[in-house]
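Reader: I have a structure to go through for class. Please take me through it in plain words.

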Amino acid sequence: MDMTLAEVAQLLGRTERQVRYAIRRGTLTGRKVAGRWRVDSETLPLTDAQRAEVRRRAAQARAAFDAALAPVEKAAGSTSGYSVTGLDAFSIGVELLGELTRAQACSTVRAQLRTGLEDLARGCHEFHPQRKAERFAAARDAVARAVVGLFVEPCPSIDAAALATRIEAEMIPKIGGLVAAQEKRNAKSRFARSDRGGSFLRGGIR
């Protein structure tokens with residue numbers, strides 16, 4: 001399981017600066033993904049209890065991902081009663097944006113979160129399947145940029161690291177689930193159309 005510096009620091013009882021220094025010295029193994037350090041939990045010197053905690057977190061992330069599929073499946077089978085407020089990712093984003101607004105902190109991050117919420121809403125109500133997937137993907141990108149903003153924009157009135165962890169653990173996996181579900185549905189639709197076309201051609205040959 002890939003972990004952020006904040007997660008590794010919390011797990012090992014160190015600061016993020018100490019973890020980064022350990023990576024540079026070679027005592028911990030890390031790699032950069034989209035400009036941010038990631039550490040494979042399997043390379044960490046963990047106790048059995050710590051490894052159990054890592055597995056628990058991974059299971060939670062997977063459960064959040066799977067839970068995100070339900071609203072999209074519901075939307076596919078119903079033309080009424082479907083609202084963006086039924087998406088967990090949207091509800092979490094609204095809550096986080098409210099916290100930042102009340103603290104009057106991180107204006108850039110607030111703008112990125114708002115963009116992500118707008119893309120979620122547009123994806124929710126988009127009729128064209130491919131554009132729906134693209135909107136959800138755009139929402140995920142905007143929210144990921146908000147995470148970066150929490151680390152590069154001074155936000156003294158909030159715990160930026162904790163907020164970033166919440167976004168990465170609670171919001172991004174759910175949006176990822178929406179993207180995956182819609183892309184899976186699009187692929188099935190393309191296959192069904194292709195299969196119908198093949199059946200027609202085979203019937204003509206006979």
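Author: One term before the rest: helices (H or I, at least four residues) and strands (E, at least two) are DSSP runs, numbered from the N terminus. Also, this is a predicted model.

Reader: Ok. How many helices and strands are there in the protein?

Author: The protein has eight helices and three strands. Along the sequence they come in the pattern β-α-α-β-β-α-α-α-α-α-α.

Reader: And how much of the protein is buried?

Author: Of the 206 residues, 38% are buried. The accessible surface is about 11900 Å², and carbon and sulfur atoms account for 53% of that.

Reader: Let's look at a loop. Where is cysteine 106?

Author: Cysteine 106 sits in the loop between α5 and α6. Its phi is positive, about 55°, although cysteine 106 is not a glycine.

Reader: Is cysteine 106 buried or exposed?

Author: Buried, because its relative accessible area is 5%, and the cut-off for buried is under 20%.

Reader: What about glutamine 104, where is that found?

Author: Glutamine 104 is in the loop between α5 and α6 too. Its phi is also positive, near 50°, and glutamine 104 is not a glycine either. Glutamine 104 counts as exposed because its relative accessibility is 71%.

Reader: New topic. Which residues have the most contacts inside the largest nonpolar core?

Author: Leu113, Leu120, Leu150, Ile167 and Met171, in a core of 32 residues. The elements that give two or more residues to this core are α5 (88-103), α6, α7 (129-152) and α8 (160-205). Helix α8 gives the most, with nine residues.

Reader: Why would there be a core like that?

Author: As a general point, nonpolar side chains tend to be buried together in soluble globular proteins.

Reader: Take leucine 150, then. What does it touch?

Author: Leaving out residues up to four places away in sequence, leucine 150 touches Cys106, Val109, Ile158, Ala160, Leu163, Ala164 and Ile167.

Reader: What share of contacts in the protein join residues at least 24 apart?

Author: 64%, counting contacts between residues at least 6 apart in sequence.

Reader: On to charges. How many salt bridges are in the whole structure?

Author: Seven. One of them joins the side chains of glutamate 168 and arginine 38, at 3.2 Å from N to O. Glutamate 168 is in helix α8 and arginine 38 in strand β3 (residues 36-40), so to speak of distance, the pair links parts of the chain 130 residues apart.

Reader: Are glutamate 168 and arginine 38 buried or exposed?

Author: Both glutamate 168 and arginine 38 are buried.

Reader: Which residue forms a salt bridge with aspartate 119?

Author: Arginine 135, with the closest N and O atoms 3.3 Å apart. Arginine 135 lies in helix α7 and aspartate 119 in helix α6, so the pair ties together parts 16 residues apart in sequence. Aspartate 119 is buried at 8% relative accessible area, while arginine 135 counts as partly exposed at 25%.

Reader: What else is aspartate 119 in contact with?

Author: Setting aside neighbours within four places in sequence, aspartate 119 is in contact with Ala138 and Ala139 besides Arg135.

Reader: Which side chain does arginine 114 meet in a salt bridge?

Author: That of glutamate 118, at 3.2 Å from N to O. Arginine 114 and glutamate 118 both lie in helix α6, four residues apart, which is about one turn of the helix. There is also a network of salt bridges linking Glu95, Glu99 and Arg166.

Reader: Last one. Which residues make the nonpolar surface patch?

Author: Val148, Phe151 and Val152 make a patch of about 260 Å². Phenylalanine 151 is in helix α7 and counts as partly exposed, at 36% relative accessibility.

Terms used:
Residues are numbered from 1 along each chain as its sequence is written. This is a predicted model: local features need pLDDT of at least 70, side-chain atom pairs count only at pLDDT 80 or more; totals for chains, interfaces and linings use all residues. Side-chain values use heavy atoms; hydrogens and water are left out. Buried means under 20% relative accessible area, exposed over 50%, partly exposed in between (1.4 Å probe, protein chains only). Contact means heavy atoms within 4.5 Å. A nonpolar core is a set of buried Ala, Val, Leu, Ile, Met, Phe, Trp, Tyr and Cys residues joined through side-chain atoms within 4.5 Å. Patches are made of residues with over 30% relative accessible area and no salt bridge: like charges are joined within 9 Å, nonpolar side chains (Val, Leu, Ile, Met, Phe, Trp, Tyr) within 5 Å. Accessible areas come from the Shrake-Rupley method with a 1.4 Å probe; for residues, only the protein chains shown count as cover. A salt bridge is a side-chain nitrogen of Lys or Arg within 4 Å of a carboxyl oxygen of Asp or Glu.
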